[in-house]
Amino acid sequence: MNKASTTKRRAPRLLPSLLIGASSVFLLTGLSAWLAVRASLPQIDGSITLPGLAAPLSLERDALGTAVLRGENRLDLARGLGYLHAQERFFEMDLTRRSAAGELSALFGDKALARDKERRVHRLRARLTERLAQMSAADQSLLNAYADGVNAGLSGLHLRPWQYLILRGEPAAWTAVDSLLVVGEMFWMLQGGSIDAGFERAALRERAGDALFDWLNPRGGHWDAALDASPVKPATLPGPALLDLRKAQPSPAPQAARSVQAVEEQVLGSNNWAVAGSRSADGRAILADDMHLDLGVPSIWYRTQLEIKGKGGQVLRAAGLSLPGMPSLVVGSNGQVAWGFTNAYGQWFDWIKLPAELAPARLKSHVETIAIKGAAPQQLDVLDFDGSPIVRERAGQRYALRWVAHLGEAYNLSLDNMLWAGDAAAALRIAQASGIPHQNILVADAKGQIGWSVAGRLWTQAPDEAGYARFQTIQSPKHEWLTLGDYPQLLNPPAGQLWTANNRQLGGAQAQLIGDGGFDLGARAQQIRDRLSERPIQTAASLGAIHFDTEARFIKTWGERLMPLLNADSRHAEAAAQLKQWSGRADAEQVGYRLIRTVRLRTLDALWAAWTTPLLGAMQADEKLRFKWRSQFEYSAVQALTERPAHLLPPGFANWDAFQLAQVDAALMELTQDGKQALAQASWGQYNTSRIQHVMSKAVPALSAWLDMPSAPQGGDANLPFVARPAFGQSQRMVVSPGLEAEATLSMPGGQSGHPLSPFYGAGHADWAAAKPTPLLAGPTLHRLSAN
């Protein structure tokens, strides 16, 4: 036998051996990784030692992982909750504090450096360290007890949380200041977009002048649903002397083809609504709440039930959601009062335009050192003007930001007193004194009462003519804290119903107490208000149904405008047919909804570009730099489409019909993928497919199948009650009548635990996705930890 033939014979036998060997290495590596990940699983049964406890503490969990803490005093429960948060969510808590403080580079390297620099100029860690020393003894004790529990939970893991194994990092101990940074990150999350938009509005006013700016940025209109029914007078359509597009000027053309995909409008979040006992079937008040946020795995929230046994044997029970990193319930019910939030878009910031020369006494410099994984630390020079950081420079012009989140008094733990609130009036007073990002709070109590106010510390507002959408000067007076007795509030309204949805709440002098930081359009709020008004008597079920209301009343108005145009043009027969078949709802299978919606977005974007480019120049053609339209621009666009003025018609179109049909054509190209799919396949669900991811799978896509929640086409959208976008939507749904918590519901996406091997990873998500409610109160105890 020759050598060549021997080689040929051995090759087939060698390949399986190599594959087996490679597979063995892979399996051993995989097994080692699995064992390492498993070693960081939380302990859910048995006993633990929790330093500092004054009495025994029971930490229980049901099938959803709902944490039930039973103890004899508040500080013990704070320790226990910190322990559970750390065991299940420490990595997420760590990211939150690092994000607020500008410290992500220490974990992720120089990829996070640019973002850290943006955040570090605000010096939140330094500011909040000062604030901690000024806080009440009670607040400090609660924060310290919680931090002790967090560190006990972290050290109680057999191995550091699994994410640090991938990142080759080590978790740092938790401190009381870190909990304040979690609140600071919520300020960023809830108010950061308004701050950026506020800068754009002020800059546009400078370039456009008051009359044209006020028309481009209406303050309200017929979609408003203010609690006091106050109207807003529409701005006057600008004449040719203010803006005339017929004059020669540079303009992006054709307007319909500005981008491959329609530019999405900013999605604002959260709905809540309530009816008084006079409007319910059993005479009890009912509250519903769904807070809209970016969705991820695990959920931002943590299902929590706190039970404190008093000296007389009575038990205080409060159930709802906590925020890992903080010791308190965010929303929930204590048996006497239920409360829920939506973000309040008031004027919580000023942009200060600085002169070239500044008095040295009003400036203070700081050096911030940024730690960077795998590299030497970098120093960042930060300059404050009267305590406000100088955060932006454009064309040599510097701007300082005065923001309520920079002020220590904006932070406290007063919200924790909601555990003991006895009625609606008391709950509103607690909320008003709370040091949290500003929220519309709705409360309902066991006596049948309901109320609304703004939670969070309010400061005095400048008059509209001096404050709204205007740069402030160094002579502008500073704000003072508003006294709690002057807060706006409504208690027991005659109609027996309340609602908020990020919209304008009040008019006149009461509105001036809040200011305007960019309210949502109001279409969601109006539909919720009308749903409440449709039934003289409501039940928990009828209020809960509003969570899933997909009727698209707002988009219908655009469909009515488009239909005559499509019917008159035989080239658009297929589009007209889809509109005729449309159910009128934003359901996943609907093509007509997606078509009308896309035409609207392209129309608003084209009009905004045409009307602002003469004012702002070439930057409006740059997707990264251009100022964006906001939801209230709807009124300006619809007014022009209705009145059809020749001087506002974008260049390149013979008439307004031609302009609108061009937007239809661009929308059809987008929906058919430039002819690659039939229009009938372009359903709303095809675009609006859920994408709820773990943060690690975003960085390592190969982990997606293991970590992410299943994707599915979904209905819902921004300008109707059922808010749902691929990675944004209802971060929780709650319906509760105080005193009837056993019948109440609370659902959330993403699950309770951040550990993929935990029985609580993704728990409850399937029910949330299927619109199936889960109970507010914990079910039967499946796991118990005894803490001593």
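Student: Which residue in S3 is the bridge partner of Leu59?

Tutor: Keep in mind that this is a predicted model. In S3, Leu59 has Leu69 as its bridge partner. Strand S2 (residues 57-61) and strand S3 (residues 67-71) run antiparallel and are joined by four bridges.

Student: What sits between the strands in the hairpin of S2 and S3?

Tutor: Five residues, and Gly65 in that hairpin takes a positive phi near 85°.

Student: Which other strand do bridges join to S2?

Tutor: Strand S26 (residues 783-787), through five bridges, again antiparallel. There, Ser58 stands opposite Ser786.

Student: Is S2 buried or exposed?

Tutor: Five of its five residues are buried, so S2 is largely enclosed by the rest of the structure. Check both faces: Leu57, Leu59 and Arg61 are buried on one side, and Ser58 and Glu60 are buried on the other.

Student: How about the open sheet: what is its strand order?

Tutor: The three strands go S6-S23-S22, with antiparallel pairing. S6 (292-294) and S22 (724-725) are at the edges with a single partner strand each, so one side of each has no neighbour in the sheet. Three bridges join S6 to S23 (residues 728-730), and Asp294 has Phe728 as its bridge partner in S23.

Student: What describes two packed helices?

Tutor: The angle between their axes and the distance between those axes. Here, H15 (residues 553-567) and H19 (residues 656-671) pack at about 95°, with axes 11 Å apart. That makes H15 roughly perpendicular to H19.

Student: Which residues in H15 and H19 meet?

Tutor: Arg561, Leu562, Leu565 and Leu566 in H15 meet Asp657, Gln660, Leu661 and Val664 in H19. The contact residues divide into five nonpolar, one polar and two charged.

Conventions. Residues are numbered from 1 along each chain as its sequence is written. This is a predicted model: local features need pLDDT of at least 70, side-chain atom pairs count only at pLDDT 80 or more; totals for chains, interfaces and linings use all residues. Side-chain values use heavy atoms; hydrogens and water are left out. Axes are lines fitted to C-alpha atoms, for helices over the stretch in contact, and angles run from 0 to 180 degrees between N-to-C directions. Helices (H or I, at least four residues) and strands (E, at least two) are DSSP runs, numbered from the N terminus. Angles under 35 degrees count as roughly parallel, over 145 as roughly antiparallel, 65 to 115 as roughly perpendicular and the rest as oblique. Contact means heavy atoms within 4.5 Å. Ala, Val, Leu, Ile, Met, Phe, Trp, Tyr, Cys and Pro count as nonpolar, Asp, Glu, Lys and Arg as charged, and the others, Gly among them, as polar. Two strands pair if DSSP finds at least two bridges between them. Buried means under 20% relative accessible area, exposed over 50%, partly exposed in between (1.4 Å probe, protein chains only).
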